Amino acid sequence: EAILEIAWIIAVSVALGMDAFSFSLALGLLGIRNRIAIRLALVVAIFHVLMPLFGLWVGQKLGNLFGDIAIGIGALLLFWLGGKMIWGALKGGETKSAIPSLKGWGMYGLAASVSLDALSVGFSLGTFVSRIIPAILIMGLTAGVMTGGGVLLGRRMGTWLGNKAEALGGVILLLIGLKMGLGIIF
């Protein structure tokens, strides 16, 4: 039974980390500095630890309504960012201007938006996992590693794609927002 629980935690951790991976891939396509990429990976990891805990608490208090509203806000944010990046690519403007601000509160907002699915997992976490703290630490570590990996892969692809990288990054963000939005509806 413990092996089955660990397998479930790893599978959920990878699934939760996919949004962070895709998002960081988009940022890597545009090129962000190493220091910012490392900080982003750490912040995403922390959010993937805190969001399930918060979701567990909120789930006990408010139920699924709050989760759907939070995910809807995150989906809208990603639609907006993706649209801004695509518009910038079509306009032929400077690529760096489409990179969402990763200074100050901007990094925390972006990390929260890709961690909202972890909030939803937190609503039912106590029913599937007997050891919550190790489970959420695995989720956070996985998301942090996937974020760093996404930035690195995005950089390599960005060099190869040239100025089309901004549009591809925007499409990726739109698709993540669509996935989040459809998850609420269905």
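This note goes through a predicted model point by point, from confidence and fold to core and surface.

1. **Basis.** Residues are numbered from 1 along each chain as its sequence is written, and side-chain values use heavy atoms, with hydrogens and water left out. Local features need pLDDT of at least 70 and side-chain atom pairs count only at pLDDT 80 or more, whereas totals for chains, interfaces and linings use all residues.

2. **Confidence.** The mean pLDDT (the predictor's confidence in each residue, from 0 to 100) is 79 for the protein. Of its residues, 78% reach 70 or more. Among the elements, H6 has the highest mean, 89. H3 has the lowest, 71.

3. **Fold.** The protein has seven helices and zero strands. Both are DSSP runs, numbered from the N terminus: helices are H or I with at least four residues, strands E with at least two. Along the sequence the pattern reads α-α-α-α-α-α-α.

4. **Burial and surface.** Of the 186 residues, 46% are buried. Buried means under 20% relative accessible area, exposed over 50%, and partly exposed in between (1.4 Å probe, protein chains only). The accessible surface comes to about 9900 Å². Carbon and sulfur atoms account for 72% of that surface. Areas come from the Shrake-Rupley method with a 1.4 Å probe; for residues, only the protein chains shown count as cover.

5. **Main core.** The largest nonpolar core has 43 residues. Such a core is a set of buried Ala, Val, Leu, Ile, Met, Phe, Trp, Tyr and Cys residues joined through side-chain atoms within 4.5 Å. The members that touch the most others are Phe23, Ile32, Val44, Met51, Leu102, Leu125 and Met139. Two or more residues come from each of H1, H2 (34–61), H4 (105–114), H5 (116–128), H6 (132–161) and H7. H2 gives the most, with 10 residues.

6. **Ala20 and Val44.** Ala20 sits in helix H1. Ala20 counts as buried because its relative accessible area is 2%. Between Ala20 and Val44 there are 24 positions in sequence, but the C-alpha to C-alpha distance is 7.3 Å. Beyond neighbours within four places in sequence, Ala20 contacts Val44, His48, Val114, Ala143 and Thr147. With the same exclusion, Val44 contacts Ala20, Ala111, Val114, Ser115, Ala143 and Thr147.

7. **Ser22.** This residue also belongs to helix H1, residues 2–30. At 18% relative accessible area, Ser22 is buried. Not counting residues up to four places away in sequence, Ser22 touches Ile172 and Ile176.

8. **Nonpolar patch.** Leu76, Phe79, Leu168, Val171, Leu175, Leu178 and Leu182 form a nonpolar surface patch. Together they have about 570 Å² of accessible area. Patch residues have over 30% relative accessible area and no salt bridge; like charges are joined within 9 Å, nonpolar side chains (Val, Leu, Ile, Met, Phe, Trp, Tyr) within 5 Å. A salt bridge is a side-chain nitrogen of Lys or Arg within 4 Å of a carboxyl oxygen of Asp or Glu. Helices H3 (64–91) and H7 (165–185) each supply at least two residues. H7 has the largest share, five residues.

9. Val171 lies in helix H7. Val171 is partly exposed, at 36% relative accessible area. Leu174 is in helix H7 as well. Leu174 is partly exposed too, at 26%. Leu174 and Trp80 are 94 residues apart in sequence and 8.0 Å apart in space, C-alpha to C-alpha.

Key: Contact means heavy atoms within 4.5 Å.
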